[in-house]
Amino acid sequence: MQGSERTKTVSRWVVLALAGGLGACNTASPLTTGSIPDRKPPLVVSDEERDCLGRAMYFESNRSDEGGLLAVGTVVMNRLEAAIFPGGICAVVGQPGQFAPGVLTKPMQDRDLQKVADAADAVLAGERHPKVGKAMYFHTAGHHFPYKNMHYVAVAGGNAFYEKRDTRAARKEMPASVALPATVSSYAAGPVPPAQ
């Protein structure tokens with residue numbers, strides 16, 4: 001009887017150990033499963049590249065808006081993946097006329113450094129702004145430009161994000177009734193941005 005009780009106790013421990021191990025299968029990091037929509041594979045970069053990403057996010061967005069930081073980071077990563085932009089995050093951010101002047105050299109406020117570092121790490125870990133999609137361009141929200149190839153997809157962190165589309169192809173693909181989102185079409189007229 002004692003041997004039988006010992007066997008039951010050992011069996012219970014084995015079942016508990018196996019159940020704990022199986023439970024871990026469901027708690028794997030979302031970065032390794034690839035099962036989260038709109039999540040890109042993690043990217044390992046140097047400290048310098050991480051800093052360049054953070055600086056672009058910091059100087060190009062409303063620093064108090066985490067969605068704005070993420071949206072700018074998404075654009076930088078979209079450009080990094082595109083063949084028309086130079087390789088490397090620092091090269092993308094440092095391309096003349098594309099990001100704010102001095103983005104790679106101006107000092108950042110100490111109080112914002114942790115938030116920016118966390119946002120940059122999230123982007124490098126694969127997180128993307130859900131509405132920015134594949135957009136590679138943005139301008140200050142509140143401005144409107146007469147170009148017909150600007151397809152707006154999101155407004156975040158003080159910026160309006162858009163995709164450039166061939167207007168001839170867009171007319172064939174989209175019905176004539178498609179209009180800009182109200183938040184974009186109500187922008188006041190502003191200066192024409194530099195060619196991008």
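Is Y58 buried or exposed? In this predicted model, Y58 counts as buried because its relative accessibility is 3%, under the 20% cut-off.

Let us turn to the aromatic rings. A pair of aromatic rings is described by the distance of the centres and the angle of the planes. The structure has six aromatic pairs. One of them joins Y58 and F59 in an edge-to-face arrangement, with 4.7 Å centre to centre and 90° between the planes. F59 has a relative accessibility of 14%, so this residue counts as buried too.

Another pair brings together Y152 and Y162, and here the geometry is tilted. The centres are 5.7 Å apart, and the planes make an angle of 55°. Where do these two residues lie? Y152 belongs to strand β3 (residues 150-156) and Y162 to strand β4 (residues 159-164), so their pairing ties together parts that are ten residues apart in sequence. Y152 counts as buried because its relative accessibility is 5%, and Y162 counts as buried because its value is 4%.

Here are the two pairs in one view:

| Pair | Arrangement | Centre to centre | Between the planes |
|---|---|---|---|
| Y58 and F59 | edge-to-face | 4.7 Å | 90° |
| Y152 and Y162 | tilted | 5.7 Å | 55° |

Which residues do ring pairs link into a cluster? The members are F85, Y137, Y152 and Y162, so the tilted pair of Y152 and Y162 described above belongs to this cluster.

How values were computed. Residues numbered from 1 in each chain as written. Predicted model: local features only at pLDDT ≥ 70, side-chain atom pairs only at ≥ 80, totals over all residues. Heavy atoms only, no water. Phe/Tyr/Trp six-rings, centres within 6.5 Å; stacked < 30°, edge-to-face > 60°. Buried < 20%, exposed > 50% of the residue type's maximum accessible area, 1.4 Å probe, protein only. Helix = DSSP H or I, 4+ residues; strand = E, 2+ residues; numbered from the N terminus.
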